[in-house]
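Welcome! Here is a short tour of the charged side-chain pairs in this structure. Have the sequence and the 3D view ready as you read.

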Amino acid sequence: MNKKVLRFYRLRGDSMEPEFHSGEIAWVSQQDTLCDGEIGIFGLNNEAYIKKLKRYADRLYLVSLNSKYSPIEIKESDRLDVFGKVVGKINSNDVPDYRF
């Protein structure tokens, strides 16, 4: 039986607006790989990000939805960890009697 693991991450910042907002809770399906164009939670050189994974030509990027942020190119020397695919979100205020 193939079990899916769902994790929750509190989001900070405005780099993924207008789709995701600071303070929201992202639901993340734990998986090691994502397809081009999918939004996920990543570790890049020990920094955590929620970004869209994009491939342009032969290069890989982490891309914000907010156009005021430039794409982050993933270099061969970088350490990239994929924590999972974002599958939903909720405002933390909508979860009664729970503190994140």
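Let's begin with Asp 36 and Lys 54, which form a salt bridge with their closest N and O atoms 3.7 Å apart. This is a predicted model, and a search of the whole structure finds five salt bridges. Side chains of opposite charge can pair when their charged atoms come close.

**From a loop to a strand**
- Asp 36 sits in the loop between β2 (24-29) and β3 (39-44), while Lys 54 belongs to strand β4 (residues 47-56), so their pairing ties together parts that are 18 residues apart in sequence.
- Asp 36 has a relative accessibility of 48% and counts as partly exposed.
- Lys 54, at 21% relative accessibility, also counts as partly exposed, because the partly exposed range lies between under 20% for buried and over 50% for exposed.

**From strand to strand**
- Arg 59 and Glu 73 meet through their side chains in a salt bridge, at 3.2 Å from N to O.
- Arg 59 is in strand β5 (residues 59-63) and Glu 73 is in strand β6 (residues 72-74), so this pair ties together parts that are 14 residues apart in sequence.
- Arg 59 is partly exposed at 48% relative accessibility, and Glu 73 is partly exposed at 28%.

**Asp 81 and Arg 79**
- A salt bridge also joins the side chains of Asp 81 and Arg 79, with an N to O distance of 2.9 Å.

Terms used:
Residues are numbered from 1 along each chain as its sequence is written. This is a predicted model: local features need pLDDT of at least 70, side-chain atom pairs count only at pLDDT 80 or more; totals for chains, interfaces and linings use all residues. Side-chain values use heavy atoms; hydrogens and water are left out. A salt bridge is a side-chain nitrogen of Lys or Arg within 4 Å of a carboxyl oxygen of Asp or Glu. Helices (H or I, at least four residues) and strands (E, at least two) are DSSP runs, numbered from the N terminus. Buried means under 20% relative accessible area, exposed over 50%, partly exposed in between (1.4 Å probe, protein chains only).
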